[in-house]
Amino acid sequence: MIEFEVLGEIGKDNCVAACVATGTANHRLLLDCGGNCLHKLPRPYLYGMQAVFFSHFHFDHYAGFDELLRAVWCRPGPFLQIVGPPGTCRIIQHRLLGYLWNNAVGLPGGFRVSEFDGKQLRIIRLLTTERFEIAHEEPPVATSGLVLQHEDFSVHALLLDHGTECLGYRIQEPPKQSINVTRLESLGYGAGPWLKAVRNPQLADSCTVDIGGAPQLLGDLRRELLVTRSGPSLGYLTDFRADDADVREQLRQLFSHVDTLICENNYRDTERELALQNYHLTATEVGTLAVELQPRRLVLFHVSDRYSSTELQEQLQEVRAHFVDASFPESWHIG
Ligand SMILES: [Zn+2]
Ligand SMILES: [Zn+2]
């Protein structure tokens, strides 16, 4: 499952801490690093961070990065992965070079930084022992959106328009297979260790298992008993316009039926002009987008600090007029 928490206060910088929990591993991921967002997370939690995905590098999405940097800069083991839009490699390296690292030589650690331009990933490695001075380029990787692949989850990105390039992300666990218990009972087969073999992809369909003294082909049992359902997913969309029909279609392709969609809502409908000018969505635009994408639930964040809590309640109603299952993060106690 994918757990998540929207960090940061109402009307201030926000970001999202997500965790892909498989039962045997917890993969900790961050979506943006707003100012004063990460201090709530214990240092050991930050130390175990696997990757951070930046939508873009405006202050309100990046100002808290140093909290993470402090936790991981000389961490042995896998480098922290950093993913963002074009310019990410330069911006991250400049941030690192903005500090003094005379005591870093000989220490482990580093960063693997990727930037996605809609067609390919440019990837560099920055090493702690080199004081992050050398950008070690990896061969670029052609991709239409896959920016991180792990056996337990994948992350896809979509290039959006915020007056600058901005990325939206979908974290996705692989499809899950389970046994159809009703079917199992109707076939009269008792549960047993053979069910493990049915679920084991390393055993070929032509293998047999013994059920009640009779050999049965795994292929036949799988067709009868295995049910495949899509894995848990989380979408993250912030700071963008989606007026263009092509972008709309790309949004549908990547985010349709995501379990949870976390989406910005910086402007009420009355401030449409400002929303257009600053490349954000109005409440109605968020609601109608959700109608197209059909997430199981919509979580709104990144709201304006100019609105009172009554106005935020009204803003929520503007979204709910189109998409009912919308809410602010529970910890905000609005609505
Ligand atoms: Zn922005
Ligand atoms: Zn923003």
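Start by selecting His-162: in this predicted model its relative accessibility is 6%, so it counts as buried, the cut-off being under 20%.

Next, show the zinc ion (ligand 1). Which residues coordinate this zinc ion? You'll find His-56 and His-162, each through NE2, along with His-58 through ND1 and Asp-239 through OD, at 2.1 to 2.5 Å. Click through the angles among the 4 donor atoms and you'll get 89 to 173°, an irregular site. Along the sequence, the donor residues follow the spacing H-x1-H-x103-H-x76-D. Colour by secondary structure here: His-56 sits in the loop between strand E4 (49-53) and helix H2 (59-62), while His-162 sits in the loop between strand E10 (153-161) and strand E11 (165-172), so this pair ties together parts 106 residues apart in sequence.

Keep Asp-239 selected and bring up the zinc ion (ligand 2). The zinc ion (ligand 1) and the zinc ion (ligand 2) are 3.5 Å apart, and Asp-239 coordinates both.

For the last stop, jump to Asp-269, in the loop between strand E17 (260-264) and helix H9 (272-277). Is Asp-269 buried, exposed or partly exposed? Partly exposed, with a relative accessible area of 28%. Leaving aside neighbours within four places in sequence, Asp-269 is in contact with Thr-282, Ala-283, Thr-284 and Glu-318. Show side chains for Asp-269 and Thr-284, and you'll see a polar contact between them at 2.5 Å. Then pick Glu-318: Asp-269 and Glu-318 are 49 residues apart in sequence, yet 7.6 Å apart in space, C-alpha to C-alpha.

Notes:
Residues are numbered from 1 along each chain as its sequence is written. Chains are lettered from A and ligands numbered from 1 in the order in which they are written. This is a predicted model: local features need pLDDT of at least 70, side-chain atom pairs count only at pLDDT 80 or more; totals for chains, interfaces and linings use all residues. Side-chain values use heavy atoms; hydrogens and water are left out. Donors are N, O and S atoms within 2.8 Å of the metal (3.2 Å for Na, K and Ca); water is not among the atoms, so sites may look incomplete. Four donors count as tetrahedral if all angles lie between 85 and 135 degrees; four count as square planar and six as octahedral if opposite donors are over 155 degrees apart and all others between 65 and 115; anything else is irregular. Helices (H or I, at least four residues) and strands (E, at least two) are DSSP runs, numbered from the N terminus. Buried means under 20% relative accessible area, exposed over 50%, partly exposed in between (1.4 Å probe, protein chains only). Contact means heavy atoms within 4.5 Å. A polar contact is a pair of N or O atoms within 3.5 Å; within protein, one must be able to donate a hydrogen and the other to accept it, and residues adjacent in sequence count only if both atoms are side-chain atoms.
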